[in-house]
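Here are a few exercises to work through with the model open beside you. Try each task before reading its solution.

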Amino acid sequence: MNGFFDIPSDLQHSWPGLIGLHVREALLPVAAGLLLALPLAQLCVRLRWLYAPVLGVTTVLYAIPSLAFFVVLIDYTGQTELTVMIPLAVYSLVVLVPAIVDAVRSVPQETLAAATAMGFGPVRRYLQVQLPIAAPAVIAGLRVATASSISLVSVGALIGNQGALGNLLAAAQKYDRPELAVNSVLTTAALAILCDALLVLLRRVLTPWMPRGSGGGPRAAAAASQRPEAEVAAR
Amino acid sequence: MNVLTFVDAFFSDSAHWHGYDGIPQRLLEHVQYTLLALALAAAIGLPAGLLTGHTGRGGNAIAFIATAARALPSFGLLVLIVVTLGFGLLPVMIPLVVLAVPPILVTTYEAVRSVDPAPVDAARGMGMHESRILFQVELPVALPLILSGLRSAAIQIVSTATIAAYVSLGGLGRYIVDGLYQRDYEKVVGGATLVALLALATIAVFWAAGRLAVSPGVRRHRT
Amino acid sequence: MTSTASTHSTRSRTRHTGAGAVALTAVAALLAGCGGSGDTSDNPLAGEKAEAGTVVVGSNNFAESTLLADIYGEALKAKGIKVTYKHNIGSRETTYGLMKNGSITVLPEYNGSLLAFLDPEAEQKSAEEVNAAVKARLDKGLTLLQSSPAEDKDSVSVNAETAKKYKLTASSTLADLKDVAPELVIGGSPEFQTRHHGLKGLKSVYGLEFESFKALDAGGPLTQAALTRNTVQAANIFTTDPTIVKEKFVVLKDPENLFGFANVTPLVSKELPKEGVDALDAVSAKLDTETLLKLDAQVQLEKKDPLDVAKAWLKSAGLD
């Protein structure tokens, strides 16, 4: 029982099982965050006065450390995956709302006017003009949210085997088996890189008009980390 | 249950105000960890970012470093380092610095890169030395963005130093981890409040630093 | 720069409305979003209660607890009972709550430690009295089964360096620490800080006040390493810890019996069927301290999987 892939029985999952669990615990919250962020961001674009208080609330929510969030939720949702996923969804929301608002707002007035002139209603204009143009920025936000979510799931190990690959960290400590911690870090990092690459690919598919390579890389990362709310990357 | 009653109970308990586990001591530790990690990260990220930004070389390398570093799970790294190197302040600094270098490096690079080339060319035309161009032309213009990178890094460190309590570090995370195992909500909620306040205070400090350090001309231009 | 672009557009005031329609879409999407966020298999309320007919064996966050839970679980399985595990939950402070609300139904416990948790004032004179006292104070849905002879107590141990410096030997007691305690850093799990079987009792019973407390883990590798490297000079170590011998730690005697009794004892829900009770009683009858030490060493030193160790022992004891 010293091997890299010898997962202690008390984690109750094989290595691929832990990966599957990690993907689910990390990505469902991002998806939920996106579904909530889109309408909320649109509201903020429409009702200008709403944006400042929303930013304020999200900044404060964002400042709450994940572990404390988990512990407080235990009373409501028990020591379950949901307890881990709710805060992650909130963090994703917090990253995505400003990303989407800024992106949608940056669509030039002339473009909107052209769409209106072509007879587009507000809904159609939003879905067919504003959202596609905002796609690169939304994806940049999704990249930050996904990376942070994948990283933070591991902290769930502290509330009783709810950290998927992170449970390997607790086991590494409990049984004094460093190789399990190496496994956890490498697998989690590989997962994060893979998801990031898929998002970059998705952006290329969604925005075929854009020159390759732009919108990603350091420029997008810098744009994303400019906002105070985007500090989620990996705590 | 009401979270506010816990916050109130936590802060009004006099036992939480003195000794090695008192709020002043834990806050001081947390600030110390944050400053040390931020200083180390800035010592690495700032020069590298300024240089690559100025020369315009190494953009791909920086994008790669940023992606890789963002993919590394900091809690994982923390536990890994502790189980291999043992615990103590220096091992704990490693994940915090790894966490803080990318935002500093990337934003610094990007900030210098995005400086309007016209004044830079003008300065070069006037015969200014490259290092003077960097420090007297590019840096002042890039400063707001550079500060935002440092702020990102600082806030990430404040949050992440919290989970370091799991591997026996002091700081405000102590209250959260102890509260988890002692089933003491007062401590968890009180600790979370303190961490959140510290994060908000960090934002305020950087805002003030921006007011003081950024040249009024640049500020007017940006806002 | 994205930021400049966005600040420009922020400034532009003209914007066509149609906010009503968008708000409607937003609300619809918001509702859809709520549905989306809840699409996990765990219903929070359903997830709290163990499934009827299934025994849920829980364990705390240290190796011996996992091992004992595996032994209980496998012994129950051998009697045809459906078992699921909920491992590494945390500390007694948490697991007792989960026993109370029925999320877990079987938990390896230590009788005297549990009593001290339920009632720090209770005296601990004999094992029988302790068990009776625990039962009297347990939540009404719970009961304690027969204790095993296997004992794993809390202890305060000092490392070899400290023992030498203050001339502490195997016959020294906690009372001997009184004068030197203010010079020592003591380590233990975070919960040790607030337990009667911890700093509170050390202060009230022996008058010990240490320089400071360092939160480590429940007698695990962090504690062992901290004591070995003299990061802490004294620590809460379990008496079955194989590193005591290996690292020449000195376990201080406890004449006032602060740490009381600590016989391995199953804490169970009263809904546990009769054959389950019999199976766990049979395990307790055969589990003694020597066996526990041996099994702990297999897990902690030889790095065998606790489930394998549990199964092998049950087989050798004829309990499978």
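Predicted model: local features only at pLDDT ≥ 70, side-chain atom pairs only at ≥ 80, totals over all residues.

**Exercise 1. Decide which way the residues of β5(C) point, and whether they are buried or exposed.**

Solution. 
- Step 1: recall the general rule that side chains in a regular strand alternate between the two faces of the sheet.
- Step 2: sort the residues by direction. C:Asp154, C:Val156 and C:Val158 point one way, while C:Ser155 and C:Ser157 point the other way.
- Step 3: check burial, for which a residue needs 20 or more other C-beta atoms within 10 Å of its own. In β5(C), 5 of 5 residues are buried, so by this cut-off the strand is mostly covered.

**Exercise 2. Describe the annotated span of chain C.**

Solution. 
- Step 1: read the record. An unreviewed UniProt entry annotates residues 54–315 of chain C as "domain: ABC-type glycine betaine transport system substrate-binding".
- Step 2: examine that span in the model. Residues 54–315 of chain C are 41% helix and 17% strand, and their end C-alpha atoms lie 23 Å apart.

**Exercise 3. Summarise the fold of chain B.**

Solution. 
- Step 1: count the elements. Chain B has 10 helices and 0 strands.
- Step 2: consider its extent. The C-alpha trace of chain B spans about 65 × 40 × 30 Å along its principal axes.
- Step 3: consider burial and contacts. Of the 223 residues in chain B, 52% are buried. Among contacts between residues at least 6 apart in sequence, 75% join residues at least 24 apart.

**Exercise 4. Work out what chain B brings to its contact with chain A.**

Solution. 
- Step 1: count both sides. In this contact, 46 residues of chain B meet 39 residues of chain A.
- Step 2: find the leading element. α7(B) gives the most to chain B's side, with 10 residues.
- Step 3: sort by class. The side of chain B that touches chain A has 29 nonpolar, 15 polar and 2 charged residues.

Conventions
Residues numbered from 1 in each chain as written. Chains lettered and ligands numbered in written order. Helix = DSSP H or I, 4+ residues; strand = E, 2+ residues; numbered from the N terminus. Buried ≥ 20, exposed ≤ 12 C-beta atoms within 10 Å, placed from the backbone. Contact = placed C-beta atoms within 7 Å. UniProt positions renumbered as here; feature names shortened; annotations may be inferred. Nonpolar A, V, L, I, M, F, W, Y, C, P; charged D, E, K, R; others polar.
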